[in-house]
Amino acid sequence: MLRRIFGIETEYGLSTGQRGTGPEELARALFRPVVEQYSSSNVFLPNASRLYLDVGAHPEIATAECDGLAQLIAHERAGDAVLDELARAAEQALGTPLYLLKNNVDSVGNSYGCHENYLISRTTVLKTLGRQLLAFMVTRQIICGAGHLDGGFRFSQRADQVWEGVSSATTRSRPIINTRDEPHADSSRYRRLHVIVGDSVMAEPTLALKVGSALLVLEMLEEGYPLPDWELADPIAAIRAVNKDPRAVLDLSDGTTITALELQSALCEAASGWLAQRPEAPRLREVVDLWARTLHALRTGDRSGIDTEIDWAIKLSLLERYRERLGCGWDHPRLAQVNLAYHDIRPGRGLARVLEAKGLIRRWSTEEEVRTAVQEPPATTRARLRGRFLTRARALGAPVTADWLRLKVNRPEPQFIELGDPFAAVDERVDALIGYMEEHHG
């Protein structure tokens, strides 16, 4: 199954410069226009993404179903744009600046996530696949971590916040890979691989490498491409060690050892070989090129080949310049401020967005593509059907309900359909449902 559906769920941190304003009050102000329009803080938008308020007063956006990396990146950035617009309205209502942070840890150590979803075949044994993926996911932070300060520089904000390798739980144990059986599709054909360990990232090439490398490893495993069968003796100890040092020695279950740098190098080389025999995929070639350049930077210490593309490298360079200017250690409060400000999504204010506007962080998307993605769903997946339905319902003022799998017109007589095939962008039943809506609410 070389064509694959995937998506990103991003939880955002929310803060203000005004003392005494709690996160719940900020969240209410942020979501006020949403509640006024939809009578809910959990909605699907016309671009087929889901916007909602998650546990802990965290705004969250789950992208619509995507089947291409460039498509995903545009829609992930569209989520930032939607929340930025809401934040501007909330700032006017509150009379104080509002900060939206695409990071994973707040100032008191609470963690919130960025989850990845990959459609896989029902015939795949998810627990076995999870075990095979685990070594890759534990060490992936060295190529696509967001960078973090915690007593020194770390690759990942999320790595120290997970407590289990593979589990059906989510919030209780925070596994690296979640096996809860919730496919949001025809359950006789599909499963959903839910990855919890990844960092929220700011640089678009880092997101491309994060998701693209995972797609390639999944492909190789599912297609039987020869890969070493690494099983970490203690995945949680390993993920903590790798966060501090890509050359940390990791124990394998067979009694041998390996480093994250060695493991990722072997997988990158395998991915290059795999690309030579799979159907042409130019953007995945870019992913493997960036993967190789990132590993080269780690081996040599020369980050000049990735210093506009990989978040941890960009952030580390920023922090090193501040350390040199201030003559300070890693615990200086100014460095903590820089570490946080890098993740502010607000244009013109967040450090990553300022660097991007100056051409110092490379982009995979254009502003026009992002503006389109704010309004329109991906055209090549089931999301197109949901987006058409919701856009027409909004225009007609029709009472409807939608989720990942179902579309429903609530009145006069309830009419609903299930869209079990996430690959299907055309469906006559949706045309008929829209026709019913137009007949009774036009």
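Predicted model: local features only at pLDDT ≥ 70, side-chain atom pairs only at ≥ 80, totals over all residues.
**First stop: the annotated binding site**

Select Glu9, Tyr52 and Glu60, which an unreviewed UniProt entry lists under the feature "binding site". Although these residues span 52 residues in sequence, no two of their C-alpha atoms are more than 10.7 Å apart, so they gather at one spot.

Begin with Glu9, which is found in strand 1, residues 6–11. Is Glu9 buried or exposed? Its relative accessible area is 12%, and Glu9 is therefore buried, the cut-off for that class being under 20%. Now display the surroundings of Glu9: leaving aside residues up to four places away in sequence, Glu9 touches Tyr52, Glu60, Ile61, Ala62, Gly113, Cys114, His115, Asn117, Arg192 and His194. Two of the residues in that list, Tyr52 and Glu60, also belong to the "binding site" feature of the UniProt record.

Next, move to Tyr52, whose place is in strand 4. Tyr52 counts as buried, because its relative accessibility is 7%. Beyond residues up to four places away in sequence, Tyr52 is in contact with Glu9, Phe31, Ser41, Asn42, His58, Pro59, Glu60 and Ala62.

**Second stop: the annotated active site**

Staying in strand 4, which covers residues 50–54, select Asp54. For "active site", the unreviewed UniProt entry lists Asp54. How does the exposure of Asp54 read? With a relative accessible area of 23%, Asp54 is partly exposed. Which residues does Asp54 touch, not counting residues up to four places away in sequence? They are Glu11 and Glu60.

Now select helix 2, residues 69–94, together with helix 5, residues 204–222. The two helices pack with their axes 10 Å apart, at an angle of about 130°. Helix 2 and helix 5 are therefore oblique to each other, and their crossing is right-handed. To see the contact, show Leu69, Leu72, Ile73, Glu76 and Arg77 on helix 2, and Glu204, Leu207, Ala208, Val211, Gly212 and Leu215 on helix 5.

Continue to helix 7, residues 260–275, and helix 8, residues 282–300. Here the axes are 10 Å apart and the packing angle is about 155°. Helix 7 and helix 8 are therefore roughly antiparallel to each other, and they cross in a left-handed manner. On helix 7, the contact is made by Leu261, Gln264, Ser265, Leu267, Cys268, Ala271, Ser272 and Leu275; on helix 8, by Leu284, Arg285, Val288, Trp291, Ala292, Leu295, Leu298 and Arg299. Eleven of the residues in the contact of helix 7 with helix 8 are nonpolar, three are polar and two are charged.

**Last stop: Ser265**

Within helix 7, select Ser265. Ser265 counts as buried, because its relative accessibility is 17%. Apart from residues up to four places away in sequence, Ser265 touches Leu295 and Arg299, which both take part in the contact from helix 8. Finally, draw a distance from Ser265 to Asp199: these residues are 66 residues apart along the chain, and their C-alpha atoms are separated by 21 Å.

Key:
Residues numbered from 1 in each chain as written. Heavy atoms only, no water. UniProt positions renumbered as here; feature names shortened; annotations may be inferred. Helix = DSSP H or I, 4+ residues; strand = E, 2+ residues; numbered from the N terminus. Buried < 20%, exposed > 50% of the residue type's maximum accessible area, 1.4 Å probe, protein only. Contact = heavy atoms within 4.5 Å. Axes fitted to C-alpha atoms, helices over the stretch in contact; angles between N-to-C directions. Parallel < 35°, antiparallel > 145°, perpendicular 65-115°, else oblique. Left-handed = near helix turned anticlockwise from the far one by under 90°. Nonpolar A, V, L, I, M, F, W, Y, C, P; charged D, E, K, R; others polar.
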